[in-house]
Amino acid sequence: MKKKNLAILLVLVMLLSTLTGCGGGGEEETGDAEPFKVGAIYPLSGANALLGSQCLAAVKIAVDIVNANGGVQGRPVVLVEADAPDPTAATTEAGRLVDQQGVQVIFGSLASGNALAIAGVTEKSGVTLVESGGIADALTDSGFKNVFRILDKGGLRGAAGVAYTGEFLAPMLNIPVKELKVAIIHEESAYGTSVGDGAAAKIEEMGMNLVARESYNSTITDMSALVLKLKEAKPDVLFSVNYINDAILLVDTLKQYDAMPKVLMGCGAGTTDPNFAATIGADSDGMFCTDMPTNLPLDVFEDEDMRNVVSEFRERFKAEFPDMKNVSVAAEAAFAGSYTFLNHILPNAKTLDAAGIREAALTTKLDMTTLGFGWDLGDDGQNYAASANINQWQGGSVTTVYPEKLKNGDVINVPLPIAGQ
């Protein structure tokens, strides 16, 4: 009887050993590795819900690709999403993700106001914010230690638009740079003000004639007074910094009062939003939308693995949004920020706490990301390898016209056919 019981016991032990992976299993083989939780905060409701949803979809694709390749340091990445249509919601949702969900990294957030709100929460909690949308200078000028921005910042973007105007557009208009009349109109948040300040400083540096600078709240519903001021100033070039609703309102009002300038140089956000050209129609052809690189030719990516990743992302994104001709620049940036951080930065972290992540973020250098520029952070968390492209609406699609090595089309409609007389 004792021998029979002993035999049964030995069988049970052997079965238990097999089930628990004794003698060579472990977390990686059994799939029991502790998940690495990350959050994504975007406006999934409200005025920016379309772009917010596209950004979230892009982050999900990045997480899927990384998990298919083994996750982060052998840990599966779990994504927790949050809806933040405004800074108040961004603060609340960031607190929820940190305190209740235990995320260690947050990806976001499309708008600068939201980014600054989230940063206020993550900095106190020792959680990392990877920003791929908000470009307000304050985000990386405020001393945050755990905020990292993959894209250019507002002041630099405004300056890039002005520099291109002076070097390339002034000759096309046959107007000397010193005689070029320019105006700036921008929404009044940190985003618009940063870009406007950068443009104004470059205008002064290049000796252009700044004939007007106007600001407004992005909830504005009537731009008649502002546009009449611009019409009186008669700028050759108008630098415009808006969100989508006010960008469309501005163009409609300029057309209504026959006040369209020879060149409309939009600087990000509203003028790059797919709804901009979809709403304005053929009149958008030739309007500029200075922003991040977008829909670059695949042969720009010399590394085969990166080229394949970019191709896979585009295919999966278009399958989810079949009505779109191209991937929106906001979604491209969201993918680039999340994929770069998960696939290139975190694998270099000695520890996956805030200190370890910061060290990896600052010491990792990349010649190229999926946005076409590299990764080289300063101590302030700003990616100084990032640059703004000069893009232009052509046939309902965003076309890159500068820099030369990244362009996928030539400039059209300078001056604009609908420029006021």
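Predicted model: local features only at pLDDT ≥ 70, side-chain atom pairs only at ≥ 80, totals over all residues.
The crossing of α4 and α5 is right-handed. The axes of helix α4, residues 87-99, and of α5 come within 8 Å and cross at roughly 30 degrees. Angles under 35 degrees count as roughly parallel, and α4 and α5 are therefore roughly parallel to each other. On the α4 side, P87, A90, T91, A94, G95 and V98 take part, and they meet G113, N114, A117, I118, V121 and S125 in α5. By class, this contact of α4 with α5 divides into seven nonpolar, five polar and no charged residues.

Helix α3 covers residues 49-68 and helix α13 covers residues 329-345; their axes come within 8 Å and cross at roughly 30 degrees. That angle makes α3 roughly parallel to α13. The crossing in which α3 passes α13 is right-handed. From α3, the contact draws on L51, Q54, C55, A58, V59, I61, A62, V63, I65 and V66, while α13 contributes A330, A331, A334, F335, S338, Y339, L342 and N343. The contact of α3 with α13 has 15 nonpolar and three polar residues, and no charged residues.

Helix α13 also packs against α12. The axes of α12 and α13 come within 12 Å and cross at roughly 135 degrees. That value makes α12 oblique to α13. This crossing, too, is right-handed. The residues involved are M306, V309, F313, R314 and F317 of α12, together with A331, E332, F335, Y339 and H344 of α13. Sorted by class, the contact of α12 with α13 has seven nonpolar, one polar and two charged residues.

The discussion now turns to empty space. Rolling a probe the size of a water molecule over the atoms shows where such space is left. The structure holds two cavities of 30 Å³ or more. The largest cavity has a volume of about 280 Å³. It is lined by 25 residues, of which L110, G133, G268, A269 and D291 are the closest to its centre. Strand β9, residues 263-269, and helix α13 each supply at least two residues of this lining. The lining of the largest cavity comprises 13 nonpolar, nine polar and three charged residues.

The second largest cavity contains about 90 Å³ of space. Its lining consists of P293, T294, N295, L296, F301, V310, F313, R314, E332, F335, T370 and L371. The elements that give two or more residues to this lining are α12, residues 304-320, and α13. Helix α12 gives the most, with three residues. By class, the lining of the second largest cavity has seven nonpolar, three polar and two charged residues.

Pockets, which are open, complete the picture. The largest pocket has a volume of about 400 Å³. Of its 23 lining residues, A47, N48, P85, S218 and Y243 are the closest to its centre. Helix α5, residues 112-125, and helix α10, residues 244-256, each supply at least two residues of the lining. The largest share, three residues, comes from α10. The lining of the largest pocket divides into nine nonpolar, ten polar and four charged residues.

The second largest pocket has a volume of about 320 Å³. It is lined by 20 residues, and P274, M324, N326, W393 and G396 are the closest to its centre. Helix α3, α11 (274-280) and β12 (397-402) each supply at least two residues of this lining. The largest share, four residues, comes from α11. By class, the lining of the second largest pocket has nine nonpolar, nine polar and two charged residues.

Conventions:
Residues numbered from 1 in each chain as written. Heavy atoms only, no water. Axes fitted to C-alpha atoms, helices over the stretch in contact; angles between N-to-C directions. Parallel < 35°, antiparallel > 145°, perpendicular 65-115°, else oblique. Left-handed = near helix turned anticlockwise from the far one by under 90°. Contact = heavy atoms within 4.5 Å. Nonpolar A, V, L, I, M, F, W, Y, C, P; charged D, E, K, R; others polar. 1 Å grid on protein atoms, 1.4 Å probe; cavity = no way out; pocket = protein on both sides within 12 Å on 5 of 7 lines; lining within 4 Å. Points joined across faces, edges and corners; volume = space filled by probe spheres on them.
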